[in-house]
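Please open the model in a viewer and keep the sequence at hand.

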Amino acid sequence: MFPPVTDRWLTSLVTLSFVCAAASALAEQGDRDRPIQIEADRASLDQLKGLTVYEGNVVVTQGTILLRAAQVTVTQGKNGGGDVAVARGNPATFRQKIDGKDEWMDAQGQRIEYDSGKNLVKLFDNARVKRGQDIVMGASLVYNTKDETFAANGGTGQGAAAGKSAGRVTVILQPKNDGKDKKQ
């Protein structure tokens, strides 16, 4: 049973759109004006706690944005603080088209958090972000949507299963071909 439409429920939906829109400053600009569609096996709302939970094969779409998770929890901020959305999965995944390019940004982690009050998107546990052919991997990745800064942490034990050194960050950057390499 889906919760009744209320101001808090709508706020939770809006927060999910922030999760989607905030992941990349270069994201498809038209996505923000598109409707949000949330599909899940179950949804519940606790208005007193300001908590909305979507469970079971959660799929959130808005324009080119696609978020998939086993569970998405949205907590409404108190005292003017921002809302916090947490997506959990094995892994939770996020995809969005880069504005003006035929290029996509894909992200994944066991947990993806967005704090609208702090303007932070955080990916945890085998976090990975791929933009075009460039890739960043680590135990955790943090992106500040306001000042467009990015930090990666290798943590402990990350990468050991993939045969890499534990506790390391991996960044793979492809050379940019500006057309100067073409023979005439």
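**First stop: Ile135**

Select Ile135 and display its contacts (heavy atoms within 4.5 Å): leaving aside residues up to four places away in sequence, Ile135 touches Arg128, Val129, Lys130, Thr170, Val171 and Ile172. This is a predicted model, in which local features need pLDDT of at least 70 and side-chain atom pairs count only at pLDDT 80 or more, while totals for chains, interfaces and linings use all residues. Residues are numbered from 1 along each chain as its sequence is written, and side-chain values use heavy atoms, with hydrogens and water left out.

Ile135 lies in strand E8; strands (E, at least two residues) are DSSP runs numbered from the N terminus. Is Ile135 buried or exposed? Its relative accessible area is 12%, so Ile135 is buried (buried means under 20%, exposed over 50%, partly exposed in between, with a 1.4 Å probe and protein chains only).

**Second stop: the nonpolar core**

Now select Val72 and Leu123, the residues with the most contacts inside the largest nonpolar core, which has 27 residues. Such a core is a set of buried Ala, Val, Leu, Ile, Met, Phe, Trp, Tyr and Cys residues joined through side-chain atoms within 4.5 Å. Colour the elements that give two or more residues to this core: strands E3 (51-62), E4 (65-75), E5 (84-97), E6 (104-115), E7 (120-131) and E8 (134-144). E4 gives the most, with 5 residues.

**Last stop: Leu173**

Finally, move to Leu173, in the segment after strand E10 (170-172). Leu173 is exposed, because its relative accessible area is 63%.

Note on methods
Helix = DSSP H or I, 4+ residues; strand = E, 2+ residues; numbered from the N terminus.
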